[in-house]
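Look at the sequence and the model below. This report goes through them step by step.

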Amino acid sequence: MSSGFDHRLPPPLSPLNVYPVTATPGPPQIQGDQEPLVFSDQVTGVFCPRCREETRFADLYGTKVVCCPSCKGFLTRGEEFRELVAKLRKQYRGPELRPQPLNHCEMKISCQCPVCEGPMETHPYAGPGAVVIDSCAACRVVWLDCGELLKIKRNPGRR
Ligand SMILES: [Zn+2]
Ligand SMILES: [Zn+2]
């Protein structure tokens, strides 16, 4: 052990160099960009038009929707959707989005109605928000992709 070799170890790293300084204690961050979907265990027999996963019944602000556990897109009846939008826009007090141009590429992505399997109509949502939604006139349902309802809620305009 007594060779001329230097056995001294380098000085230990200070904890600040080892652990990221961003790990600050405190309450968990609220995920502001997710709708408060409460999934039930009940499967619907209806498959997600986007990812083909079997949807489940879920509760969204008191409205029962058919929701994909994977992509969080959901299907709802036209009338219930309008009521939900009206309610959410009225209650919303958070920051508003800047008006955005419509993404015309989204208009080209059509999907199959998960209920009757006919083609869904892809069209801009008639209310506030540059949102493209899919609807089936025969089944009177609309499909919303994840985040679209939030956009509608946060867009400026009459509340
Ligand atoms: Zn999906
Ligand atoms: Zn349909």
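Is Arg52 buried or exposed? Arg52 counts as exposed, because it has 10 C-beta neighbours inside 10 Å. The cut-offs are these: a residue is buried if 20 or more other C-beta atoms lie within 10 Å of its own, exposed if 12 or fewer, and partly exposed in between, with C-beta atoms placed from the backbone.

## The model and its confidence

This is a predicted model, in which local features need pLDDT of at least 70, side-chain atom pairs count only at pLDDT 80 or more, and totals for chains, interfaces and linings use all residues. Residues are numbered from 1 along each chain as its sequence is written, while chains are lettered from A and ligands numbered from 1 in the order in which they are written.

The mean pLDDT (the predictor's confidence in each residue, from 0 to 100) of the protein is 82. Of its residues, 79% reach 70 or more. Residues 13-31 stay under 50. For that stretch, the model has two contacts (C-beta atoms, placed from the backbone, within 7 Å) beyond four places in sequence.

## The sheet

Seven strands form an open sheet in the order 1-2-3-4-7-6-5. Strands (E, at least two residues) and helices (H or I, at least four) are DSSP runs, numbered from the N terminus. The pairing is antiparallel; two strands pair if DSSP finds at least two bridges between them. Strand 1 and strand 5 (121-124) stand at the edges. Each has a single partner strand, so one side of each is left without a neighbour in the sheet. Neighbouring strands are turned by 35° against each other on average, direction ignored. Axes for such angles are lines fitted to C-alpha atoms, for helices over the stretch in contact, and angles run from 0 to 180 degrees between N-to-C directions.

## Strand 7 and its partners

Strand 7 (141-144) is joined to strand 4 by four bridges and to strand 6 by three. Both pairs run antiparallel. Leu75 stands opposite Trp143. Trp143 is also the bridge partner of Asp134, and Cys136 stands opposite Val141.

Both faces of strand 7 are covered. Val141 and Trp143 are buried on one side, Val142 and Leu144 on the other. In a regular strand the side chains alternate between the two faces of the sheet.

## The core

Which residues have the most contacts inside the largest nonpolar core? They are Phe74 and Ile133, in a core of 24 residues. A nonpolar core is a set of buried Ala, Val, Leu, Ile, Met, Phe, Trp, Tyr and Cys residues joined through C-beta atoms within 7 Å. Strand 3 (63-67), strand 4 (74-77), helix 2 (78-91), strand 6, strand 7 and helix 3 (148-154) each give two or more residues to this core. Strand 7 gives the most, with four.

Leaving aside neighbours within four places in sequence, Phe74 is in contact with Ala58, Leu60, Val65, Val66, Cys67 and Leu144. Helix 2 lies across strand 3, strand 4, strand 6 and strand 7. The helix runs at about 100° to strand 4.

## Two arginines in loops

Arg52 lies in the loop between strand 1 (37-47) and strand 2 (54-60). Arg52 has a positive phi of about 70°, although it is not a glycine.

Strand 6 and strand 7 form a hairpin with four residues between them. Arg140 in the turn has a positive phi of about 55°, and Arg140 is not a glycine either. Arg140 counts as partly exposed, because 13 other C-beta atoms lie within 10 Å.
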